[in-house]
Amino acid sequence: MQDMTTQQDREAYHRFQKLQYPFWRSPVWEVQTGFDSEFNSQLMDEIYAIGMDINSGKDRTPGNSIWDYSRPKLDMLKREIIDIVNRVVIRDIPEIRMLNIRTCEHFMGWVNVREPGERLEVHGHTESAIAATYYIQAKPNCGDLVVFDTGQAIDWDTGHLSDKPNVIERRYPAVEGRLIFFPSYVLHGVDENRSDALRISLSTDLRKVIDPQVSNTVILKSWGGRMAKIRNWKCSPS
Ligand SMILES: [Fe+2]
């Protein structure tokens, strides 16, 4: 019984890893949107007004997330991000599609404003599935996004840590109008802003929307067999 389960796990693991787009190898997607400088200018006006109202106390019940505020350009960006995630992540990555994740939703959104000389320490986004950032104002040398790719630390033939674990530092320049997506567990930071302007970006955390009625949805029932072993498992006779 023990060997059979292990074999099933191994086969399932290899089925995932042989797929065309292995999600768990720390991929990063960049998408240049059609949003132009005029759009970004209006978006900044909306965000500035929201911030001023919060900061002045005029907004007496500030939302927890930027997505709690509905504004024309903000709403367009919100929709664009979901459309891209649905198209690129949910539909095009087979292993995600097999999990029957129907879509993703914005969990939390905020705005990063970094002055010249400022940087952002390394961190991960632990409460979501996918992290995305949209660059609203990004002058040359305003600070690359630095992503620590742990995909090379894994021996993908076995699924275990490689004998020579290797973490690769990948750098992505900030480009106005561009969206960048990566799995939320990936550690990342932002280099020092060496431009003479503010570096302004909007980040959002997306979480999965699952359908608990689908047979292979990863919810508690997926672990039922494992839990049942607690009292039922017997050592194999040696
Ligand atoms: Fe971040």
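Tutor: The chain holds 5 helices and 11 strands, where helices (H or I, at least four residues) and strands (E, at least two) are DSSP runs numbered from the N terminus. This is a predicted model, in which local features need pLDDT of at least 70 and side-chain atom pairs count only at pLDDT 80 or more, while totals for chains, interfaces and linings use all residues. Residues are numbered from 1 along each chain as its sequence is written.

Of the 238 residues in the chain, 18% are buried; a residue is buried if 20 or more other C-beta atoms lie within 10 Å of its own, exposed if 12 or fewer, and partly exposed in between, with C-beta atoms placed from the backbone. Two residues are in contact if their C-beta atoms, placed from the backbone, lie within 7 Å, and among contacts between residues at least 6 apart in sequence, 84% join residues at least 24 apart.

A nonpolar core is a set of buried Ala, Val, Leu, Ile, Met, Phe, Trp, Tyr and Cys residues joined through C-beta atoms within 7 Å. The largest one has 26 residues, of which Ile130, Ala132, Tyr134, Ile136, Leu179, Ile180 and Phe181 touch the most other members. Two or more residues each come from helix H2 (37–56), helix H3 (72–91), S4, S5, strand S9 (178–183) and strand S11 (199–210), and S4 gives the most, with 5 residues. In soluble globular proteins, nonpolar side chains tend to be buried together.

Strands pair if DSSP finds at least two bridges between them, and S4 and S9 run antiparallel, joined by 5 bridges, with Ile130 having Pro183 in S9 as its bridge partner. S9 is also joined by 4 bridges to strand S1 (residues 29–32), again in the antiparallel sense, and there Gln32 stands opposite Arg178 in S9.

Asn141 is partly exposed, with 16 other C-beta atoms within 10 Å.

S5 also belongs to an open sheet of 4 strands with antiparallel pairing, in the order S3-S10-S5-S8. Strand S3 (120–123) and strand S8 (168–172) stand at its edges, each with a single partner strand, so one side of each is left without a neighbour in the sheet.
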